[in-house]
Amino acid sequence: MPSKAAALWLGFAVLGWAGLAWLAFDMGHPLAQLIMPMSPQWSAANLLAIVAMWAVMMAAMMLPSALPMVQAFVALCRRNGQRARSRQFVGAYLLVWWLFSVAATAAQWLLQAAGWVDPMIVSTSAMLSGALLLVAGAYQFSPLKRICLARCRTPMGFLVGEWRGGRFGGFAMGWRHGLFCLGCCWALMALLFVGGVMNLAWIAALSIAVAVEKLAPRGERIATLLGLALLGAGAWRLLPLLLG
């Protein structure tokens with residue numbers, strides 16, 4: 001990817017983090033209040049604001065770790081004079097995470113209606129927190145996680161193995177890469193309901209975990225260690241409930 005385009009890609013991520021920081025430090029602002037409705041009786045403005053918040057958060061968390069793949073694809077398209085394919089790829093990738101944001105918004109409403117998260121989207125249920133931690137930990141060892149992580153860790157391998165020609169080939173490849181990325185990270189993203197989406201430290205920790213898995217030289221081993229830690233944390237949260 002040309003340096004200008006790479007800077008633009010990372011610039012969107014920086015803007016996302018800046019938006020999250022602003023919301024976290026100015027929760028009295030009317031926009032922040034829209035994102036944190038006190039009851040599940042959401043207005044249309046609440047719904048739009050919450051979807052936008054999730055989309056901004058996903059951009060902040062996922063764009064940096066996706067840069068190597070996008071960089072490789074855009075550079076290849078530029079050499080071949082196929083700039084439109086690169087735009088299709090990026091658009092499809094972002095679409096996957098926008099749809100995830102819609103699903104996360106629906107999950108937030110259901111959990112709030114059940115009384116399992118508070119208006120700041122922090123779990124109020126030890127059972128929910130423990131279950132999400134156990135699911136995320138177990139998923140780290142699943143075959144699907146390994147397959148998706150392998151595709152995300154090898155940009156050139158993905159481009160060779162998943163190349164699609166035709167008018168909408170770039171879109172198809174961006175969509176598939178987005179799905180592989182989602183397959184890597186959905187369970188970790190679900191942990192946002194444990195620590196809350198206004199907790200910048202928690203969001204940053206999850207973002208670092210995703211980036212290390214996908215970019216570090218021994219990311220697969222780190223993913224395994226992370227799985228063990230999550231299983232231990234989940235068991236620790238559920239143990240008092242089981243013993244009680």
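Predicted model: local features only at pLDDT ≥ 70, side-chain atom pairs only at ≥ 80, totals over all residues.
Ala 211 lies in helix H10.

At 23% relative accessibility, Ala 211 counts as partly exposed; the cut-off for buried is under 20%. Leaving out residues up to four places away in sequence, Ala 211 touches Ser 65 and Ala 216. Tyr 139 is 72 residues from Ala 211 in sequence, and the two C-alpha atoms are 17 Å apart.

Now the helix itself. H10 covers residues 200-215, which makes 16 residues. From first C-alpha to last, H10 reaches 22 Å, close to the 22 Å expected at 1.5 Å a residue. Which residues of H10 are buried? They are Ile 203, Leu 206, Ser 207, Ala 209, Val 210, Glu 213 and Lys 214. These residues cover an arc of only 155° around the axis, so they sit on the same side of H10. Ala 201 and Ile 208, on the other side of H10, are exposed.

What does the side chain of Glu 213 pair with in a polar contact? The partner is the side chain of Gln 140, at 2.5 Å. Setting aside neighbours within four places in sequence, Glu 213 is in contact with Gln 140, Lys 145, Leu 149, Arg 153, Leu 188, Gly 219, Ala 223 and Leu 226.

Back to Ser 65, the residue touched by Ala 211. Ser 65 is placed in helix H3 and counts as buried, at 5% relative accessibility. A polar atom of the Ser 65 side chain lies 3.1 Å from the backbone oxygen of Met 62. Beyond four places in sequence, Ser 65 touches Val 210, Ala 211, Lys 214 and Leu 215.

That brings me to the shape of H3. After H3 comes Gly 81, whose phi is positive, near 65°.

Ala 55 lies in H3 and is partly exposed, at 24% relative accessibility. Not counting residues up to four places away in sequence, Ala 55 touches Trp 98 and Ser 101. Ala 55 and Leu 95 are 40 residues apart in sequence, with 9.8 Å between their C-alpha atoms.

Last, the core. The largest nonpolar core holds 70 residues, and those touching the most other members are Trp 54, Met 57, Trp 97, Met 189 and Leu 192. Helix H3, residues 44-79, gives the most to this core, with 18 residues. As background, nonpolar side chains tend to be buried together in soluble globular proteins. Met 57 is in contact with Leu 20, Leu 192, Val 197 and Ile 203, again leaving aside neighbours within four places in sequence.

Key:
Residues numbered from 1 in each chain as written. Heavy atoms only, no water. Helix = DSSP H or I, 4+ residues; strand = E, 2+ residues; numbered from the N terminus. Expected span 1.5 Å × (residues − 1). Buried < 20%, exposed > 50% of the residue type's maximum accessible area, 1.4 Å probe, protein only. Arc of directions from axis to C-beta. Polar contact = N/O pair within 3.5 Å; in protein donor to acceptor, adjacent residues only side chain to side chain. Contact = heavy atoms within 4.5 Å. Core = buried A, V, L, I, M, F, W, Y, C linked by side-chain atoms within 4.5 Å.
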